[in-house]
Amino acid sequence: MAGIFFPILINAQNTLEINFHEHIAPIIHKNCTPCHQPNKSGPFNLISFEDVAKRAKFIGKVTEIRYMPPFPADRKFQSYLNERGLTVGEITKIKLWIEGGMKEGVLKSTVGGVPINNPQSTESDLVKPDLVLRMNKPYPISGENLEDFRFFSLPSKTTKDEYITAIGFKAGNKKNVHHSRLMVDTTTNIRGIDGLSETDPKVFEFQKTVLKDEFLYGWVPGNDKISFPKGTGVKLNANSDFLLNMHYAPSPVPDIDQSEIQLYFAKDKIEREVRNFTLRENDISNKPFLIKAGQKATFFISKKIDKSMSLISVMPHMHLIGKTFRAFVITPDGEVVNLVKIDNWEFNWQMTYQFKKLLKIPAGSTFIVEGAYDNTAENPENPNNPPHDIGYGWGTKDEMLNLVLYYLDYKEGDEKIEQK
Ligand code: HEC
């Protein structure tokens, strides 16, 4: 008998105490409201007791499986400035609150200094960008319920070289813009395209162009702008073109989008240049990069560097049939420096992971990247039914294996610098 009653008693005691305003609101306001409020990426508000109680079962589910807040990387592998996630204790509290009948409790006027029902803009929301590049004209999203991938060229028209200290992106259509990727072209070869479909044969020609930055910035809903450490910036050559790759989610009704890139430039001479380094398909050690229909395959990149670096961030990139991703560094002393590990690859949540502190990578280190793919019919993410052979390409149904790195040339003491 005791064995049966004991757990029930414990539950009863815990759930009795848990109420929204005292226990649940602080968790929601800190971890969910930044996106789930008007004019942010979340599809509905999670602010008031009613907002949360109405969707409590769903919230219990998405927090338990750690789908929300979205953060695909393993936080035990490495710590990041922009990491999100609930503790086991917080997930349990939400669960017990729901099981206990979602008690409201007493509304307090503030929670952690933030007025309830009135989420504040953050300070960084208020700083105005120096250059805003909008898509030339509104792009018509079709109402035929199809995924749609498009390229747009946005000439910067800058007359002198600038240094970018931060980059942001504002989706023109919150509902349908799924993610975007920003490249920089200094050749002007691609200038003039405006909504080119990624299935257009011209894309095949364009992807031969050597871009200055293949992946300046990747945006997913809820990604804030990326800011580089104080006194540093990415060089933007005068008259460069930005190439914007937009992914529109299927829409049952016609709609439009006119998204914009927001650039922040250094006002004074910068002390150090942020450099971009991308590990890519050419660096793969077990080529050819081809995933045969019906098969699973893992590819490895191994690349030795001959100068010391201070890493700012990493951004892993694969497409639809990617399953797991892992990257680390082996130093000449045989030490392992973890970069990023994703056990459950989510195409829709590709993020830039910015380290808490600059990460020193000594000269002579080797970067190792490992990407696993599943091109079988059993993979629900497989874009082809029946499966086709899949090789390299910019198209979403093609595959890629990249690790995009931002770094500074190493200087003594960098590893002590906290990023903000
Ligand atoms: C980084 C921004 C962001 C944060 C933080 C965030 N969400 Fe979301 N949430 C989204 C977006 C965008 C969607 C819609 C796209 C999707 O479902 O992936 C979403 C969808 C949802 C859904 C619907 C899921 C579905 O399958 O339709 C629920 C429920 C949800 N969020 C709850 C939460 C809760 C609870 C938290 C906090 C613990 C949270 N979210 C934190 C951005 C965010």
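Me: Which helix gives the most residues to the shell around the ligand?
Reply: This is a predicted model, where local features need pLDDT of at least 70, side-chain atom pairs count only at pLDDT 80 or more, and totals for chains, interfaces and linings use all residues. Residues are numbered from 1 along each chain as its sequence is written. Helices are DSSP runs of H or I, at least four residues, and strands are runs of E, at least two, both numbered from the N terminus. With four residues in the shell, the top giver is helix 4 (residues 56-64).

Me: How many residues surround the ligand?
Reply: A residue counts as near if its C-beta atom, placed from the backbone, lies within 6 Å of the molecule. The closest are Cys32, Cys35, Met68, Pro221 and Gly222.

Me: What share of the 420 residues is buried?
Reply: Buried means that 20 or more other C-beta atoms lie within 10 Å of the residue's own; 12 or fewer means exposed, and in between is partly exposed, with C-beta atoms placed from the backbone. Buried residues in this chain make up 34%.

Me: How many residues has the largest nonpolar core?
Reply: In soluble globular proteins, nonpolar side chains tend to be buried together. A nonpolar core is a set of buried Ala, Val, Leu, Ile, Met, Phe, Trp, Tyr and Cys residues joined through C-beta atoms within 7 Å. Phe242, Leu244, Ile261, Leu311, Ile312 and Val314 have the most contacts inside the largest one. Its residue count is 69.

Me: Which strand gives the largest share of this core?
Reply: The core draws at least three residues from each of domain 2 (122-270) and domain 3 (275-420), with bounds from an automatic or database domain assignment. The largest share is six residues, and it comes from strand 24 (residues 402-409).

Me: Is Leu244 buried or exposed?
Reply: Leu244 sits in strand 12 (residues 241-248). It has 23 other C-beta atoms within 10 Å, so Leu244 is buried.

Me: Which residues does Leu244 touch, not counting those up to four places away in sequence?
Reply: Touching means contact: two C-beta atoms, placed from the backbone, lie within 7 Å. Under that rule, the partners of Leu244 beyond four places in sequence are Phe152, Leu154, Ser180, Leu182 and Ile261.
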